[in-house]
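Open the structure in your viewer and keep the selection panel at hand. The stops below go one selection at a time.

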Amino acid sequence: HEKEEGGEEGDLPPGDVPANASAEKAAAGRGHSRKGSSACRLEPEPTKQHPLIFKDSDDEGEDLFGKSWGKPEGDVTEEEDGVAGKESAGVPPTSDQIRRICRALCSADELEQATKAQHQLKDIVHEMHVCVDRLESCFMAAYSEMRTPAGRDQCRASIELRFFPPLWSLLLSAFRLANLPQEKALAVSMTNNYSKTTTEMGVSERFSLLDGSNKFVPYRSAVEQLQRITKLSCPLEKLECIVSTTRVLCECVEEHNRQKEGKGRKNATLGCDELLPILGYVVVRTALPQLISECCAMEEFIHEGYLMGEEGYCLTTLQTALMYVTSLVTKSV
């Protein structure tokens, strides 16, 4: 499969992620938090107005899909999708309505290309699963010590560290081609909402982390942590990055409360209802529409045993936040 122009960022250079350490962390099935959240108070350098394009690091000056996005080429009537009427009544759009909006942003050729890519992707994913299973079977036959639950986890993590890095960029390109309508809709929504504050994105005032300064970007360290996902090339490492993002996000809230209210005050509890809009804001600030494809690929290749606890919760929450941000595009169509 041809890799689309301005493709993904490169893999990590050898030595950035120690193989043994990554395998042990992956086998444990847990992400590790990054202590210290002072970074969430750092003031970013003055930035230009965010353009109607999202640039890849390898091809500055070129937008993500080969052209800039403003209004969609085709008009979508209220009778066709029923979105405008529902939004005025405060009812969020359904998944079918969002899907129609996503398809309306693509040309007929792009939709046909995405459909073909979806069928081809099924065969690619199946073949990769077969290869991984065969490698695991060979390890089980050669090393009796691996025939335990912990040994299987270690074996699977070790295989992943060698199997996915040379293939991930090509695999992700296939996922992105198949998810082109959704990524286009997310890119438009990110552009339209990039300059909004946390409160304008639906975050409650006590978690908005606003201090009245135009230079201060709330949850900046969480944004930077999530942006690291494009630098990684293994599903479990990417899952660990998502878990770390959620933890850093919580650390930003705790740090802000300590500085504002003092150590003697009890910190506000960050529940699921509060977490979703905050994560939606973080997603918008990353300016990475490919997060949709990243999550799809992780969900496909990460063993279900890793998705039963904190890791699975964090991945599901991020996917929900991506759907939430994508749904905001209906307001501009």
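Start with Phe164: at 4% relative accessibility it counts as buried (under 20% relative accessible area, with exposed over 50% and partly exposed in between; 1.4 Å probe, protein chains only). This is a predicted model, in which local features need pLDDT of at least 70 and side-chain atom pairs count only at pLDDT 80 or more, while totals for chains, interfaces and linings use all residues. Residues are numbered from 1 along each chain as its sequence is written, and side-chain values use heavy atoms, leaving out hydrogens and water.

The ring centres of Phe164 and Phe301 are 5.3 Å apart with the planes at 70°, so the pair is edge-to-face (centres within 6.5 Å; planes over 60 degrees apart are edge-to-face, under 30 stacked, the rest tilted; rings of Phe, Tyr and Trp, the last by its six-membered ring). Phe164 sits in the loop between helix 6 (149-163) and helix 7 (168-178), and Phe301 in helix 12, 137 residues away (helices are DSSP runs of H or I, at least four residues, numbered from the N terminus).

Next, select Leu318. Beyond its neighbours within four places in sequence, Leu318 contacts Leu226, Ile242, Leu279, Val283 and Cys295 (contact: heavy atoms within 4.5 Å).

Finish at Tyr194, where Arg285 lies over the ring face, 4.3 Å from the ring centre (CZ of Arg or NZ of Lys within 6 Å of the centre and within 35 degrees of the ring normal).

Note on methods: Helices (H or I, at least four residues) and strands (E, at least two) are DSSP runs, numbered from the N terminus.
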